[in-house]
Amino acid sequence: MNVITTDQKNSFNENGVLVLPEFFSHEECDSLMNRMSVIIQEANSHEESTVFSTTNRTHTQEDYFLTSGDKIRFFYEQQGDNSEPSELSLNKVGHALHDLDPVFSDFVRQEKMTLLATEIGFVEPLLLQSMYIFKPPRIGGEVVWHTDHPFLWTDPPSVKGFWVALEDATTENGCLWCLPGLHKESPKERFRRKKGGGTEMITLDDSDFPTENKIPLEAPKGTVVVLDGLLPHWSSANLSETSRHAFTLHVIEGSAHYPKENWLQRSDDMPLKGFAS
Ligand code: FE2
């Protein structure tokens, strides 16, 4: 059984992006959205979820982020009410939903996802990172032009993103945009942990992306967008009245080297897993 055609695979190799409408059913999308509502309700009864509501201390925020690779944690939009997590105040929840929550685990470990990863070229896929992204109405922030490889570095580059539209993503509510074909260029930066603590962004090439060539990736609910880790992408702020929930999974190749300097690290008792749970 194939979930993509040879033409689609060739197009992905050529452009660095593949858009697959109706890959997931509306019911499958709703199951993730409903599960996230429950996770948020449960978080509201925990003290930890409010860590950012009462502090602006950069060190605490960075530590919360840097230790989130094997946890389910809550990150707020810069604007809006940060007093408690909700669909209207959160930017995202991450980064190990796919290993820690049974509903998210079942979602990513469906056979069609395994097949899709294999058909785009993975040999030993490892599920590195997952994020539930809210892009709430009126305050959902811009995500500036970037590629994912600098943040999830492997030698050789191997990360691919699977971006699922849980709601319709349009140019009005902040859909993805990308620069097709630019994945063939070298990375321009690298985000890593510093030796003494904290993180830094290393510039490898200070030229700008040719963003005048950008194209929108409007995606009806249920669409999966596959992004090469070196494909530049961007999304605008959401100034509309509708939310734009999305779920992303990032996968790396098991044979590629994963550096200790990468921000996302797992504890020894929670190693990365593949699509088989
Ligand atoms: Fe990204």
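Asparagine 13 touches His183 and Lys184, leaving aside residues up to four places away in sequence; contact here means heavy atoms within 4.5 Å. Asparagine 13 sits in helix α1 (residues 6-15). Helices (H or I, at least four residues) and strands (E, at least two) are DSSP runs, numbered from the N terminus. Although asparagine 13 and lysine 184 are 171 residues apart along the chain, their C-alpha atoms are separated by 9.3 Å.

How exposed is asparagine 13? With 40% relative accessibility, asparagine 13 counts as partly exposed. The scale runs like this: buried means under 20% relative accessible area, exposed over 50%, and partly exposed in between (1.4 Å probe, protein chains only).

## How to read this model

This is a predicted model, in which local features need pLDDT of at least 70 and side-chain atom pairs count only at pLDDT 80 or more, while totals for chains, interfaces and linings use all residues. Residues are numbered from 1 along each chain as its sequence is written, and side-chain values use heavy atoms, with hydrogens and water left out.

## The whole chain

The protein chain has six helices and 13 strands. Its C-alpha trace spans about 50 × 45 × 40 Å along the principal axes. For 277 residues, a compact globule would have a radius of gyration near 19 Å, and the 18 Å of the protein chain agrees with that. This radius is taken over C-alpha atoms, and the globule rule is 2.2 Å times the number of residues to the power 0.38.

Buried residues make up 52% of the 277 residues. Look also at contacts between residues at least 6 apart in sequence: 82% of them join residues at least 24 apart. The accessible surface comes to about 13,000 Å², and 49% of it belongs to carbon and sulfur atoms; such areas come from the Shrake-Rupley method with a 1.4 Å probe, and for residues only the protein chains shown count as cover.

As for charge, the protein chain has 24 positive and 42 negative side chains, and the centres of the two sets lie 5 Å apart. Lys and Arg count as positive and Asp and Glu as negative, while His and the chain ends are not counted. Each charge is placed at NZ of Lys, CZ of Arg, CG of Asp or CD of Glu.

## The iron site

Which residues coordinate the iron ion? They are His146 (NE2), Asp148 (OD) and His233 (NE2), at 2.2 Å. Along the chain, these donors follow the spacing H-x1-D-x84-H. Histidine 146 lies in strand β5 (residues 143-146) and histidine 233 in strand β12 (residues 233-235), so the pair ties together parts that are 87 residues apart in sequence. Both histidine 146 and histidine 233 are buried.

Donors are N, O and S atoms within 2.8 Å of the metal (3.2 Å for Na, K and Ca); water is not among the atoms, so sites may look incomplete.

## Glutamate 241 and arginine 138

Glutamate 241 is placed in the loop between β12 and β13, and it counts as exposed at 58% relative accessibility. Apart from residues up to four places away in sequence, glutamate 241 touches Pro137 and Arg138.

Arginine 138 belongs to the loop between β4 (125-133) and β5. Its relative accessible area is 46%, which makes arginine 138 partly exposed. Phi of arginine 138 is near 75°, a positive value in a residue other than glycine.

Most residues other than glycine have a negative phi, and most peptide bonds are trans. Glutamate 22 lies in the loop between β1 (17-20) and α2 (26-43) and is exposed, with a relative accessible area of 72%.

Where are the cis peptide bonds? One joins glycine 94 and histidine 95, with omega about 10°; histidine 95 is found in strand β3 (residues 90-95). Another joins aspartate 155 and proline 156, with omega about -5°, and proline 156 is in the loop between β5 and β6 (160-165).

## A buried asparagine

Asparagine 262 lies in the segment after β13 (246-253). Is asparagine 262 buried or exposed? At 0% relative accessibility, asparagine 262 counts as buried. Its contacts, not counting residues up to four places away in sequence, are Leu152, Trp153, Arg190 and Arg193.
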